[in-house]
Amino acid sequence: MSERPLPLSILIIDENRLRAAVIEDGLRDAGYDRLTVVHDVVGIARKIAETAPDVIVIDLENPNRDVLESMFQLSRAVQRPIAMFVDRSDQASIEAAVEAGVSAYVVDGLKRERVKPIVDMAISRFNAFARMARELEEARSQLESRKLIDRAKGILMATRGMSEADAYALLRKTAMNQNRKISDIAESLITAAGLLAPPEE
Amino acid sequence: MGKSYEIVAGFMPLLDSAILVAAKEKGFAQAEGVDLTLVRETSWASIRDRMAVGHFQVAHQLAPMPIAANLGLTPLAAKTIVPIALGLGGNAITVSNALWAAMVEHGARSDLDPGAAGRALRTAITGHAKSSSELLRFAVVHPFSGHNYELRYWLAACGIEPDRAIEIVFVPPPLMADALAARTIDGYCVGEPWSTAAAVAGVGHIATVKAAIWRSRPEKVLGVAAAWAEQEPGALDALLRALYRAAQWCGAAENHGELAEILAGPSYIARPVEWMLRGLSGTLAIGGGATHRTEDFFVPFAKAATFPWKSHALWFYSQMVRWGQVASASGNAAIARETYRPDLYRSALKPLGVALPAANAKVEGALLAPTPVGSAGASLTLGPDGFFDGALFDPDRLDAYIEDQRR
């Protein structure tokens, strides 16, 4: 009976703590419990020496990637040569990673089938995180728009004695005529009202 | 213009991205039918990766990077060629105020003289070793960079062994001045405006500059994905013509004000206009309120500054061997030599009728004064290009040069 190999040791470097947590969760759920997460590359050489990672996952936009790669080449702390991905011919996987903003380094000599699930997990979690961030941004801007429209309606109701429904209809008609968003019209109206308002006492 | 070419280029926020930026912003690319998109990146590794997967067809690169990629020394390396350089010079070596004070005690002067500064540093290092068990730490931007090699060249020529007397570490350019202020490092070699950043903030003193260590020294190049260049020769030719015209514009002193404004903008370097003007004019604020003007500090156009000399490629290769990054082998030398493509430069620029060097390589360091040289078309002047220690690099005697440097 052959012994089950120890799960690979993984180091996650991400300045974005939330995203790092999302990736960590995914890997833990998949049974990778030898995980180290760092948010800062200060002292990273020692960390690498201590944890001897088989795989390092770092966000592609991290300005310290050159520093990390230099360490693989020169530092005495990192003994083993590490290269991005196991198999350079796996172009699709490399493209997916770069698209997602993930960069991964793998100890030379590791088998592709042991590393691929980790890289794939990191890619899918990066993509999920980007989608979440986008949705959050959309929700935030929708909320902003609704507030603006409410204020603009209030101004029209107070200054022109309109009903709420009429005020909204006017904003909507103006937006359609000018081919702009209702929230843009509302914003212009609020600005204009601010300029035209009688000076406060 | 008939055909239109879409080209995406990656760049790093450095003064020597100027030629690419001017090609886009001043319409030189458009005039050649090139729709040029520039994408600012955060690391050289990211530029390399995005070129490998085809996001970028071309990129602003450290000159040794494409050579290292073709030699298989970097991860995810796709074959890259160099059909044009992006200027000469532009770097400086800056030290902390404390180290500068020690160097001044031992004869360093505020004239950026590399010999005097190096001798002073050597004595300062000896003094430092008496009071501390930690080595002085100098930062460069990348192992395969002109910065790494010129720092090491300067130290070695001044009797300082780079791998024993000090420690060399790596820091991204925009973070250098902060690392110096935080005392994480004692000195660094970087491209502008990141030495000016330390000098104006009062956290460091410029000790010497690239142009004083080796005048007219190569620095950044345009790395081009070899596969793309083969598929789209027309697009590459158009881009090279646009970059040549852009370099010409960048080289004219009367344009420096406008160029500094453009580079200082939020999509490019996003730092004060005044910082850009320092490197463009060569009059650096070197620290302690002093300024010093260096002739040929950054040369975007004159002296055939965009020509991809094979002797430059071979010199970088000789330094890779010198510092143990690659084995000395004739096959490796051939890969370095073939990375640079002066043939593509000439064929693209021929229709412009401008002065083009007739040779592919030259003896580096041989010209002590500006010298007219044989060229196709109009006249061309090269040099001076001396090394501060008086050495010569003859690409035909590559092995002898490598052997000499082992001593």
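## Notebook: two chains, helix by helix

I started with a helix pair in chain B. Helix α12 (residues 233-251) of chain B packs against helix α13 (residues 256-264) of chain B at an angle of about 115°, and their axes are 8 Å apart. That angle makes α12(B) roughly perpendicular to α13(B). A reminder to myself: this is a predicted model.

Which residues make this contact? From α12(B) I noted Trp249(B), Cys250(B) and Gly251(B), and from α13(B) I noted His256(B), Glu258(B), Leu259(B) and Ile262(B). Sorted by class, the contact of α12(B) with α13(B) has four nonpolar, two polar and one charged residues.

**Another helix pair in chain B**

Next I looked up helix α5 (residues 97-105) and helix α6 (residues 114-131), both of chain B. They pack at an angle of about 105°, with 8 Å between their axes. So α5(B) is roughly perpendicular to α6(B). On the α5(B) side I wrote down Leu99(B), Ala102(B) and Met103(B); on the α6(B) side, Ala117(B), Ala120(B), Leu121(B) and Ala124(B). How do the residues of this contact divide by class? I get seven nonpolar, no polar and no charged for α5(B) with α6(B).

**Where chain A meets chain B**

Then I turned to the interface. Chain A brings 22 residues to the contact and chain B brings 26 residues. I looked up the area too, since the size of an interface is often given as the accessible area lost when the parts come together. Between chain A and chain B about 1,900 Å² is buried, and carbon and sulfur atoms give 54% of that.

How many salt bridges cross the interface of chain A and chain B? The rule finds two. In a salt bridge between the chains, the side chain of Asp49(B) meets that of Arg65(A), at 2.5 Å from N to O. I also have six residue pairs in polar contact between chain A and chain B, both partners at pLDDT 80 or more.

Which elements of chain A each supply at least two residues of the side that touches chain B? They are α3 (65-74), α4 (91-100) and β5 (102-107). The largest share of that side comes from α3(A), with seven residues. By class, I list eight nonpolar, six polar and eight charged residues on the side of chain A that touches chain B.

**A salt bridge inside chain A**

Over all chains, the structure holds 35 salt bridges. I picked out Arg46(A) with Glu50(A), whose closest N and O atoms are 4.0 Å apart. Both sit in helix α2 (residues 44-51) of chain A; because they are four residues apart there, about one helical turn separates Arg46(A) from Glu50(A).

My last check was the backbone, since most residues other than glycine have a negative phi, and most peptide bonds are trans. Ala52(A) is not a glycine, yet has a positive phi of about 40°. I found Ala52(A) in the loop between α2 and β3 (55-59) of chain A.

In chain B, the peptide bond from Glu192(B) to Pro193(B) is cis, with omega near 5°. Where is Pro193(B) found? The proline is in the loop between β9 (187-191) and α9 (196-201) of chain B. The peptide bond from Gly383(B) to Pro384(B) is cis as well, with omega near 0°. Pro384(B) belongs to the loop between β18 (380-382) and α18 (398-405) of chain B.

How values were computed: Residues are numbered from 1 along each chain as its sequence is written. Chains are lettered from A and ligands numbered from 1 in the order in which they are written. This is a predicted model: local features need pLDDT of at least 70, side-chain atom pairs count only at pLDDT 80 or more; totals for chains, interfaces and linings use all residues. Side-chain values use heavy atoms; hydrogens and water are left out. Contact means heavy atoms within 4.5 Å. Buried area is the accessible area (1.4 Å probe) that two parts lose on being put together, summed over both. A polar contact is a pair of N or O atoms within 3.5 Å; within protein, one must be able to donate a hydrogen and the other to accept it, and residues adjacent in sequence count only if both atoms are side-chain atoms. Ala, Val, Leu, Ile, Met, Phe, Trp, Tyr, Cys and Pro count as nonpolar, Asp, Glu, Lys and Arg as charged, and the others, Gly among them, as polar. Axes are lines fitted to C-alpha atoms, for helices over the stretch in contact, and angles run from 0 to 180 degrees between N-to-C directions. Angles under 35 degrees count as roughly parallel, over 145 as roughly antiparallel, 65 to 115 as roughly perpendicular and the rest as oblique.
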